[in-house]
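I record here what I looked up, in the order in which I looked.

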Amino acid sequence: MLIYTEQELKQYVPLNLEAISIVEEGFTKLAKKEVEMPPIMRVDVHDQNGEVDVKTAYVKGKDMFAIKVSSGFFNNYKLGLPSGNGLMMLISTQTGIPQSLLLDNGYLTEVRTAAAGAIAAKYLSRENIATVGVIGAGSQARFQVRALKLVRDFKKILVYARSTDRAKKYAEDMAAEIGIEVQVMDNAEQVVRNSDLVITTTPSKEPIIKAEWLHPGLHITAMGSDAEHKQELETEVLARADKLVCDTKAQCSRLGELHHALDSGVLTKESSIIELGQLTLKELRGRENDGEITVCDLTGTGVQDTAIALFAYNEMAKRNLGIKIENKTLSLKN
């Protein structure tokens, strides 16, 4: 077995166009029904405002597939710790024997989630955007903007977070990193009304964005609602969208923003809902004009995890990196 550390993975598996392309291929294979992906298993730790998810997917034709354990403990910022953590294990599709442990502390999840956001923007946002709005100031708020910068050029970021101090720190850091103006806003409404593209990255349990704030040409990528009790968008936001896209309809109807829209009755299962893989497969078209309002509901899929884990493994293996552990098989005799 090969074991890789967070430090190694961060050094050799960057968030770049290749990583985005690898994740996009995963969505395409999902749309082509070349993926076996079971429902997410989740353990809620409500008294600590935490959760642990287990996600996996087998992609036909691949030598290995990933099983990922991912945690989100949203009070960790009070301890000076990141909210996300976890690890991935790669298992042989021929023998079922574990081949590798990727001790990434959630880094690969950050990369593959940001990649999905970039893919959503690539197909759904206007090509020419000036201002990006960000709701939230955690690590994914940073990764999403880094990924977006690889597929869209923009001149300004507006950020809002419950903690003004965290929003100010985000603004300072991202302005220095990307080299553009980042402005802290007093509320989410100011962000939405003045942005061409909005990314929501919070574990909110109540809607943050209201339908009355929407305007022609706006794209929203909502990636915070990955459990039944989370919600970032008013259900009417989804109903007003000219195009509503999900990473998977089955998962979003159980966990995502779509879940709340279906439960409230503003949408039905007969409503026009597109899967992201249908866009990457070119089966359906994304944005068709600059006036459309588009929304993408991302809940995070096992196929993204297998895609990024295999990408990471290959990048590390070709450099002959990692700790090798000999795992001798014992033969039992009667």
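Entry 1, the largest pocket. I take a pocket to be an open set of grid points with protein on both sides within 12 Å along at least five of seven lines. The model I searched is predicted. I find that the largest pocket holds about 1,300 Å³ of space. Its lining comprises 50 residues, and the closest to its centre are Phe74, Ser83, Thr201, Thr202 and Pro203. Strands S4 (50-59), S5 (64-73) and S6 (84-92) each give two or more residues to this lining, as do helices H3 (107-124), H4 (139-151) and H5 (164-178). I note that H3 gives the most, with five residues. By class, I read 13 nonpolar, 23 polar and 14 charged residues in the lining of the largest pocket.

Entry 2, the cavities. I searched the whole structure and found two cavities of 30 Å³ or more. About 40 Å³ of space lies in the largest cavity. I list its lining as Gly117, Ala118, Ala121, Gln144, Leu148, Leu197, Ile199 and Thr221. The elements that give two or more residues to it are H3, H4 and S11, and H3 has the largest share, with three residues. This lining has five nonpolar and three polar residues and no charged ones.

The second largest cavity holds about 30 Å³. I find Phe27, Leu30, Ala31, Asp247, Glu275 and Gly277 along its lining. Here H2 gives the most, with three residues. The classes are three nonpolar, one polar and two charged.

I turned next to H2, which covers residues 17-31. This helix of 15 residues reaches 21 Å from its first C-alpha to its last, close to the 21 Å expected at 1.5 Å a residue. At its N-terminal end I find a cap from Asn16, with a side-chain oxygen 3.2 Å from the backbone nitrogen of Glu18. After the helix comes Lys33, with a positive phi near 60°.

I list Ala19, Ile20, Val23, Glu24, Gly26, Phe27, Thr28, Lys29 and Leu30 as buried in H2. The buried residues of H2 pack against strands S2 (35-36) and S4, and against helices H3, H4, H10 (276-280) and H11 (302-317).

Why does Glu24 count as buried? Glu24 has 12% relative accessibility, and the cut-off for buried is under 20%, so Glu24 falls in that class. Leaving aside neighbours within four places in sequence, I find Glu24 in contact with Ile119, Lys122, Tyr123 and Thr280.

I checked H9 (residues 257-264) and found it mostly covered, with six of its eight residues buried. These are Glu257, Leu258, His259, His260, Ala261 and Leu262. What covers them includes strands S12, S13 (243-246) and S15 (294-297), together with helices H7 (235-240) and H8 (249-255). Just after H9, Gly265 takes a positive phi of about 90°.

Where does Lys205 lie? I place Lys205 in the loop between strand S11 (197-200) and strand S12 (219-222). Not counting residues up to four places away in sequence, Lys205 touches Asn49, His229, Lys230 and Gln231. I also looked up the separation of Lys205 and Asn85: they are 120 residues apart in sequence and 21 Å apart in space, C-alpha to C-alpha.

Technical notes:
Residues are numbered from 1 along each chain as its sequence is written. This is a predicted model: local features need pLDDT of at least 70, side-chain atom pairs count only at pLDDT 80 or more; totals for chains, interfaces and linings use all residues. Side-chain values use heavy atoms; hydrogens and water are left out. On a 1 Å grid over the protein atoms alone, a cavity is a set of points where a 1.4 Å probe fits but cannot get out, and a pocket is an open set with protein on both sides within 12 Å along at least five of seven lines; lining residues have an atom within 4 Å of a point. Grid points are joined across faces, edges and corners, and a volume is the space filled by probe spheres set on the points. Helices (H or I, at least four residues) and strands (E, at least two) are DSSP runs, numbered from the N terminus. Ala, Val, Leu, Ile, Met, Phe, Trp, Tyr, Cys and Pro count as nonpolar, Asp, Glu, Lys and Arg as charged, and the others, Gly among them, as polar. Contact means heavy atoms within 4.5 Å. The expected span of a helix is 1.5 Å times one less than its number of residues. Buried means under 20% relative accessible area, exposed over 50%, partly exposed in between (1.4 Å probe, protein chains only). A polar contact is a pair of N or O atoms within 3.5 Å; within protein, one must be able to donate a hydrogen and the other to accept it, and residues adjacent in sequence count only if both atoms are side-chain atoms.
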